[in-house]
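Please look at the model below and read the report alongside it.

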Amino acid sequence: MAEFRVQGTKVLAVSLGGAGEETVRAKNGSMVAYEGEMAFKKLTGGGEGVRGMVTRRLTGEQLTMMEVRGRGVCYFADRASDVNLVRLSGEKLHVEASALLCAESGLRTGTTFTGLRGAAQGNGLFTTVLEGAGQAALMSHGPAVLLRVDRSTPLQVDPGAYLAHQGDLRQQLQSGVNFRALLGESSGESFQIRFEGEGLVYVQPSERNTVGGEL
């Protein structure tokens with residue numbers, strides 16, 4: 001298996017080839033250095049199967065991954081983002097596509113369409129799904145925060161702060177009010193993602209810029 005470790009807080013070091021040539025999938029263009037012998041191959045669609053590629057075409061959003069194969073150590077980073085490691089033991093992890101930096105080849109990938117960020121703007125909201133046993137590396141603006149959801153305590157998350165979730169969770173998009181709207185600085189309707197059930201939600205302490213205006 002590939003060995004993942006974080007160098008500092010912003011660089012992911014992946015050791016490959018402990019028992020022969022190994023592979024991982026990483027965000028295209030995220031390699032910053034490597035030691036040993038490595039080969040890089042661009043993957044289309046960012047997920048497995050026709051469904052993933054079709055969904056991305058419909059939503060107008062893209063996730064481009066590359067396969068990294070070889071023996072040695074490869075270093076990945078993207079825009080000085082913080083790197084957060086997640087280990088899966090057979091369960092599913094739903095990840096905001098732009099937050100996925102790297103995943104072990106043993107993890108199956110796909111795409112799930114989850115709704116719309118804003119009905120007026122028609123911007124798609126989808127997640128990349130990782131399933132199986134292995135490690136994945138997520139990127140965040142600032143250290144990621146892990147929030148637990150139980151059946152008695154639903155959780156509302158700003159779409160720009162959402163990174164990933166796992167467990168038996170139901171999610172829905174709902175309109176809401178944020179501080180910018182209260183201050184008169186928001187140019188449009190605000191939305192939140194509501195999670196109900198049992199599970200974990202990863203959020204970042206900073207909001208991404210969203211295509212459909214301020215959320």
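Val145 stands opposite Val203, a residue of strand 13. In this predicted model, strand 10 (residues 145-149) pairs with strand 13 in the antiparallel sense, over 5 bridges. Strand 13 has an antiparallel pairing with strand 11 (residues 155-157) as well, over 3 bridges. Within strand 13, Ile193 is the bridge partner of Val157.

Another antiparallel pair is made by strand 3 and strand 7, joined by 3 bridges. Here Val24 stands opposite Glu104 in strand 7. How many residues of strand 7 are buried? The count is 5 of the 5, so strand 7 is largely enclosed by the rest of the structure.

| Strand pair | Sense | Bridges |
|---|---|---|
| Strand 10 and strand 13 | antiparallel | 5 bridges |
| Strand 11 and strand 13 | antiparallel | 3 bridges |
| Strand 3 and strand 7 | antiparallel | 3 bridges |

The next topic is the nonpolar cores. In soluble globular proteins, nonpolar side chains tend to be buried together. The largest nonpolar core in this model has 17 residues. Leu12, Val14, Val24, Val68, Phe76, Leu101 and Cys102 have the most contacts inside this core. Two or more residues each come from strand 2 (11-16), strand 3 (22-27), strand 5, strand 7 (100-104) and strand 9 (123-140). Strand 5 gives the most to the core, with 4 residues. Apart from this core lies another, of 15 residues, and Leu107, Leu138, Ala164 and Tyr202 are among them.

Val24, listed above for its contacts inside the largest core, touches residues from several parts of the chain. Leaving aside neighbours within four places in sequence, the contacts of Val24 include Ala2, Phe4, Val14, Met66, Val68, Phe76 and Cys102. Glu104, the residue opposite Val24 in strand 7, is also one of the contacts of Val24.

Now consider the loop between strand 5 (65-76) and strand 6 (82-96), where Asp78 is found. Is Asp78 buried or exposed? Asp78 has a relative accessible area of 16%, so it falls under the 20% limit and is buried. The side chains of Asp78 and Lys27 are joined by a polar contact of 3.1 Å. Not counting residues up to four places away in sequence, Asp78 touches Lys27, Leu101 and Met139.

Arg79 lies in the loop between strand 5 and strand 6. With a relative accessible area of 78%, Arg79 is over the 50% limit and therefore counts as exposed. The phi angle of Arg79 is near 55°, a positive value in a residue other than glycine. Ala80 also has its place in the loop between strand 5 and strand 6, and the phi of Ala80 is near 55°, again positive in a residue other than glycine.

The last topic is confidence. The mean pLDDT of the protein chain is 81, and 72% of its residues reach 70 or more. Over residues 116-124 the pLDDT stays under 50, and the model has 26 contacts beyond four places in sequence for them. Residues 210-215 are likewise below 50, and this stretch has 19 contacts in the model beyond near neighbours in sequence. Where pLDDT is low, the predicted coordinates should not be read in detail.

Terms used: Residues numbered from 1 in each chain as written. Predicted model: local features only at pLDDT ≥ 70, side-chain atom pairs only at ≥ 80, totals over all residues. Heavy atoms only, no water. Buried < 20%, exposed > 50% of the residue type's maximum accessible area, 1.4 Å probe, protein only. Polar contact = N/O pair within 3.5 Å; in protein donor to acceptor, adjacent residues only side chain to side chain. Contact = heavy atoms within 4.5 Å. Core = buried A, V, L, I, M, F, W, Y, C linked by side-chain atoms within 4.5 Å. Pairing = 2+ DSSP bridges. pLDDT = per-residue confidence, 0-100.
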